[in-house]
Amino acid sequence: MKKILWIVGRIPSPLFSGDALYSAGLLTALSRTEQTDVTVVGSRRENGPVEGRLLRLPRTAFPEAPWPRRLGMLSLLTSLPRDAYSLAPPSIGMTLAELLNQRWDWIVFDHARSAALLPMVLQRRKQASVCYLAHNAEGKIRPAIAKDFANPLRRSIMRWDAEKYRRLEQRIVDAADRILCITDADAAYFARSGKTTFVVPPIYLGAIAPSDRIEPTRPKSILLLGSFEWVAKQRNLEHIVSALLPALKSQNVTLDVVGNVPEDIKARYAHERPNLVFHGPVDDLSNVLARSRGGLVAETLGGGFKLKLLDYAFARLPIFGLRAAVDGTTADEQSAMYLADTMDGLAQTIIDGIDDLAALNRKQATLFELMSNRFGLEQGTRRMHDILVKQAGAAA
């Protein structure tokens with residue numbers, strides 16, 4: 001039995017955001033190996049208990065999760081990026097100090113923001129090997145996000161935060177025995193370190209739609225899933241609406257947005273109803289998925305694999321997107337999508353394709369088969385077993 005201390009900035013619950021879904025999928029896969037004993041330490045995302053599907057995972061423990069620090073701006077006085085500072089309240093340090101008295105085979109840092117207490121962990125880890133689970137290539141994407149802000153003061157603050165993220169990421173990479181990342185592009189970025197690096201695609205944990213067809217009675221709607229709390233995702237949402245909505249409105253196509261959206265953004269676009277509808281978080285996506293003719297993946301900022309790709313594909317929903325936004329998918333998978341290189345091209349692609357029901361159904365059927373073969377729980381369990389169970393002794 002391999003003992004694993006899994007340090008995550010935010011506990012992956014509720015399962016509404018891509019980072020939570022990615023972490024939860026890997027934790028589920030490890031549990032299914034029946035050869036690991038995992039303790040997950042992190043701050044809470046919101047009020048309420050950890051989701052039952054995580055608490056029910058065999059041999060997986062979730063100690064009481066504290067609230068993050070409230071005054072994140074105080075990070076400006078430290079060497080830590082804001083997220084890492086906020087997600088490491090003193091109680092996290094006390095919990096880790098106690099747990100580090102035990103023997104661990106692996107200590108996993110899940111996301112760069114989880115590594116505020118990296119020096120203490122390295123000092124007290126005994127013989128444990130270190131694994132860095134990278135959700136993004138932070139040193140590459142954070143400066144690009146900062147550059148997107150027009151306000152000079154905001155841009156300067158974001159640039160400084162991005163530089164602190166880059167330095168923290170480098171410290172984790174230097175300490176790691178293994179690096180897990182989500183796409184081949186991120187693997188190439190981390191390969192420069194010379195560390196053993198594995199690509200671990202996301203694991204789909206949601207419902208799988210039965211064989212279904214898009215009929216003429218289905219509304220002319222495009223669905224955008226997401227959680228828009230991170231500033232980069234808010235900027236993406238604004239770019240998408242400004243670039244695509246005029247063309248969608250001209251053809252009476254609705255853009256349905258599902259997920260947490262700040263109130264000020266919703267208020268700014270209130271006049272765009274009924275062609276732009278904000279639904280907020282939805283516990284059961286089946287109804288909104290069944291009312292759409294396609295799912296949208298058009299982010300220009302943030303990098304990484306878009307977990308919404310799996311929600312769309314396993315719901316048998318065609319995907320419309322930017323080619324640069326579907327990083328982590330194969331050429332065959334991309335051939336089963338509707339892709340364009342620019343926002344203007346994507347708008348035209350949606351308009352040209354949304355009424356061709358025969359093509360929509362061919363695409364969704366092909367994509368479902370391809371995605372099922374790569375992102376299922378069985379495949380993910382084998383990957384995690386090979387990386388953290390079978391080869392655990394070789395990394396120390």
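These questions and answers show how a few terms apply to this predicted model.

The model is predicted, so local features need pLDDT of at least 70 and side-chain atom pairs count only at pLDDT 80 or more, while totals for chains, interfaces and linings use all residues. Residues are numbered from 1 along each chain as its sequence is written, and side-chain values use heavy atoms, with hydrogens and water left out.

Q: Why is T36 called buried?
A: Buried means under 20% relative accessible area, with exposed over 50% and partly exposed in between (1.4 Å probe, protein chains only). T36 has 0% relative accessibility, so T36 counts as buried.

Q: Where is T36 found?
A: Look in strand 2, residues 36-43. Helices (H or I, at least four residues) and strands (E, at least two) are DSSP runs, numbered from the N terminus.

Q: What makes the pair of L30 and T36 a polar contact?
A: A polar contact is a pair of N or O atoms within 3.5 Å; within protein, one must be able to donate a hydrogen and the other to accept it, and residues adjacent in sequence count only if both atoms are side-chain atoms. Here a polar atom of the T36 side chain lies 3.1 Å from the backbone oxygen of L30.

Q: What does T36 contact beyond its neighbours within four places in sequence?
A: Contact means heavy atoms within 4.5 Å. On that basis T36 is in contact with M1, K2, I4, L30, S31, R59 and V389.

Q: How do you know that strand 1 and strand 2 pair?
A: Two strands pair if DSSP finds at least two bridges between them. Strand 1 (residues 2-10) and strand 2 have 7 bridges, in the parallel sense.

Q: What makes strand 3 and strand 7 edge strands?
A: The open sheet has 7 strands in the order 3-2-1-4-5-6-7, with parallel pairing. Strand 3 (60-61) and strand 7 (196-199) each pair on one side only.

Q: Why is V108 called buried?
A: V108 has 1% relative accessibility, so V108 counts as buried too. This residue of strand 4 (residues 106-110) touches I4, L5, W6, I7, C131, L133 and L388, not counting residues up to four places away in sequence.
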